[in-house]
Amino acid sequence: MQISALQAFLIGVVYYLGEVGTPWLTFLVSYCGLYRPLIGGTIVGIILGDPVQGCIIGASINLPYIAFMNVGGAAPSNPGLAGTLGTALAMAAGVGPSVAISIAMPLGLLGTLIWIAHMSIDVLFVHVCDKAAAEGDIEKLAFWNLWPPQIVMAIMCIVPVFIGAYYGADVVTDVIAKLPENIMNGLQVVGGVLPAIGIAMNLRQITRQGSLLYFILGFILVMYLELPMIAVAIFGVIFAYTYTSLYMKDGRV
Amino acid sequence: MTKNNEDIKLEKKLTKSDVVKSFIRWSFISHTNYNYERLQASMFTSSLKPVFKRLYGDDPDGMKEALQRHMAFFNTEPHFGGVIHGIVIAMEEQKANGAPITGEAINSIKTGLMGPLAGVGDTLWQGTIVPILLAIGISLGIEGNLLGPLIYILLLTSIMWTIAYNVWMKGYELGTEGIQKILSGNLIQSVIMSASILGAIVLGALGASFVNLSSPIVITIGQFQMPLQSGIIDPILKGLLPLTAIFLSYYLMKVKRMKSLHVMGILFVGAFILGALGILG
C-alpha cells in the first residue's frame, strides 16, 4: 500500500494531537485517547482508508502498552508514535498483528527522544513565564505557556512522522518481504511476549504486601475460568472493598 | 474555611463560572509546557487565569505576587490532583479579601498535597481505570470491532471528567480544613489499599489474556509423540510460559533494579532467538 504525502502529513497531525501535553482535545483525550494505539491506530486506519484493519493493528500494538504509565514525566516508551507511525507502516507492508508489534516497539523507543526534547526545550519558556509573572501580566504568561511550546512540539512531532510514513513505507515493505520465515516467527514471538513488560512495570508500582498473590488470583480467574475482563474487574472491586473494610475496622492503617 | 467564608464579608467574590472556567482551562492545558525544571508550574498558574483576573484585576501588585507565587515547582496527577486547585482557589479568594493567609501557607498546601495525590491518582487512574477499560476496548478492537475504541473512549471520558470536576469543586467548597479532615482520616488509606488490590487482580487478568507464549515443540520417542505444550506444560499450570515471562521481567526490574528498557531488550532478544529456532511459537 502506498502512503501519499497528504496521508503522511495527517498521520503526523494525529500523532501530534495525541502527544502528552497538546491542549487541543483536552489532556485526557490526548493522553488516554489518541496517544493509545487502540485509538491512534484506528484513526490512522481511517486516514489510510481501512478503519477496521487500523483498529486491529492498533489494538495489537496497544497490547505491550496496556499498563503504560507516565509518572512524573518519566516515560519509558512512547505508545503515541508506536500507535500512529507503527500502524501506518504495518498497514503499508501488509503484515499481521504480531509482526506489527515488533515494528512498532522500536518506534516507541525512538519516540522517547521526542518526549525528552519537549521536556527540555520547555524549560526556556518557563523562564519567559517567570518574567511575565514578575510584570503581573497574566495574558502574556498564558500565551507563553501555550503557543511557543506547542509550535515547537507540533514541528517535532509532525516532521519525523511525515518523513517516516512517506519514505519509510517502501523500506519496511521491502525488508519484510525479504525476511526468511524463521525471522518472521521470531518477530511474532516477540510480539506475543512484550506485553509482559508493561504488566510487570505496573505490578512493580504496587508495593502492598501480597500483591503478587492478588496478581496470580487475577491470572487464574482468566486462565482457568476464562472470565472476561469486565467480570474480573467487578469481582476485583467487590473483593478489594470487602477486604479493605474488614482491615480498616479496627482503625488500623 | 467554609465557616470563615461566612464570617468575613467577601468583597471580591468569585463566581461559580470563574471556578468552572479554571477547571476547563486546566483540562485542556495541564501539560502544554511540561518541563524538567518545574513541571506543571506555568500550567497551574495559567489555568487559574479567570480567578486571578477576578481577584487581582485592579490590584497589579497583588497580581504580580500571586503569579510569582504559583510559578514554583508543581506536579500532580491532573484529575484527582484538581482538589489542590480547588483549595488554592478558595485560599486565594480569602487572601484577596484580607484574610491572614500568607503566600507561604498557600505554597505549602500545594507542595504538601501534590505528592500524595499524584500517588493515589496515578494508581487509580493510569494503573487501574485505564488498563481495565483498555482491556475491554482492545479485546473488541483486536477482532476488528470498531465499537472497541469507541466504547473505551466514551467510558473513559465520562468516568474521568466526572471524578475530576467533582474533586475540583469539592476542593473549593471544603477548603483547607475540610480536605485536611478527609486526608487525615482513613478514607485515603482505604482508597489506596483497595486500588492496589484491584490493580493487582486486574493486572493478573491482563497477563493471562494478552501475554501470548507457547511452544510448538513435539517430543518424539519412537512411535510415541507428545506436544510439549498440551502434553506437559498445560497439565502443570495453564499459562506457565506467560507467567514466567511476567515474573522474570518483574524480578529483573524490582529485585535486580534493572531499567525497564534493558529488560525489554533482554525479552526482545531472548524471545526472538527462541522464536527463530522454533522453540517458542
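A cavity, as the term is used here, is a set of points on a 1 Å grid over the protein atoms alone where a 1.4 Å probe fits but cannot get out, while a pocket is an open set with protein on both sides within 12 Å along at least five of seven lines; lining residues have an atom within 4 Å of a point. Helices (H or I, at least four residues) and strands (E, at least two) are DSSP runs, numbered from the N terminus.

The model is predicted, so local features need pLDDT of at least 70 and side-chain atom pairs count only at pLDDT 80 or more, whereas totals for chains, interfaces and linings use all residues. Residues are numbered from 1 along each chain as its sequence is written, chains are lettered from A and ligands numbered from 1 in the order in which they are written, and side-chain values use heavy atoms, with hydrogens and water left out.

**Chain A**

Chain A contains 11 helices and zero strands. Its C-alpha atoms fill a box of roughly 65 × 60 × 25 Å along the principal axes. Of the 253 residues of chain A, 59% are buried, where buried means under 20% relative accessible area, exposed over 50%, and partly exposed in between (1.4 Å probe, protein chains only). Contact means heavy atoms within 4.5 Å; among contacts in chain A between residues at least 6 apart in sequence, 71% join residues at least 24 apart. The accessible surface of chain A is about 9600 Å², and carbon and sulfur atoms account for 70% of that area. Accessible areas come from the Shrake-Rupley method with a 1.4 Å probe, and for residues only the protein chains shown count as cover.

**Two helices**

The expected span of a helix is 1.5 Å times one less than its number of residues. Helix α1 (residues 5-18) of chain A has 14 residues and reaches 20 Å from its first C-alpha to its last, close to the 20 Å expected. Its buried residues are A:Q7, A:A8, A:I11, A:G12, A:V14, A:Y15, A:Y16 and A:G18. These residues pack against α2, α3 (37-47), α5 (79-93), α6 (97-135) and α7 (138-178) of chain A.

Helix α11 (residues 240-255) of chain B has 16 residues and should span 22 Å; its end C-alpha atoms are 21 Å apart, which agrees. Among the buried residues of α11(B) are B:L241, B:I246, B:Y250 and B:M253. The cover of the buried residues of α11(B) includes elements from two chains: α8 (181-193), α9 (195-205) and α10 (211-223) of chain A, together with α9, α10 (228-236) and α12 (260-276) of chain B. B:R257, with a positive phi near 55°, follows α11(B).

**Positive phi angles**

Most residues other than glycine have a negative phi. A:T26 has a positive phi, near 75°, and lies in helix α2 (residues 26-34) of chain A. A:T26 is buried, with a relative accessible area of 6%. B:L39 has a positive phi near 45° and lies in the loop between α2 (16-29) and α3 (41-47) of chain B. At 7% relative accessibility, B:L39 is buried.

**Pockets and cavities**

Rolling a probe the size of a water molecule over the atoms shows where empty space is left. Grid points are joined across faces, edges and corners, and a volume is the space filled by probe spheres set on the points. Three cavities of 30 Å³ or more are counted. For residue classes, Ala, Val, Leu, Ile, Met, Phe, Trp, Tyr, Cys and Pro count as nonpolar, Asp, Glu, Lys and Arg as charged, and the others, Gly among them, as polar.

| Space | Volume | Lining by class |
|---|---|---|
| Largest pocket | about 490 Å³ | 16 nonpolar, five polar, no charged residues |
| Second largest pocket | about 350 Å³ | 14 nonpolar, no polar, one charged residue |
| Largest cavity | about 100 Å³ | 11 nonpolar, two polar, no charged residues |
| Second largest cavity | about 70 Å³ | six nonpolar, three polar, no charged residues |

The largest pocket has a volume of about 490 Å³. Of its 21 lining residues, A:V237, B:T128, B:I129, B:I132 and B:L198 are the closest to its centre. The largest share of this lining, eight residues, comes from α11(A). In the second largest pocket, 15 residues form the lining, and B:L117, B:V167, B:I182, B:L187 and B:I188 lie nearest the centre. There α8(B) supplies the largest share, six residues.

The largest cavity is lined by 13 residues, with A:P64, A:Y65, A:F68, A:G198 and A:M201 nearest its centre. The lining of the second largest cavity includes A:F27, B:W26 and B:W161, and its largest share, three residues, comes from α2(B).
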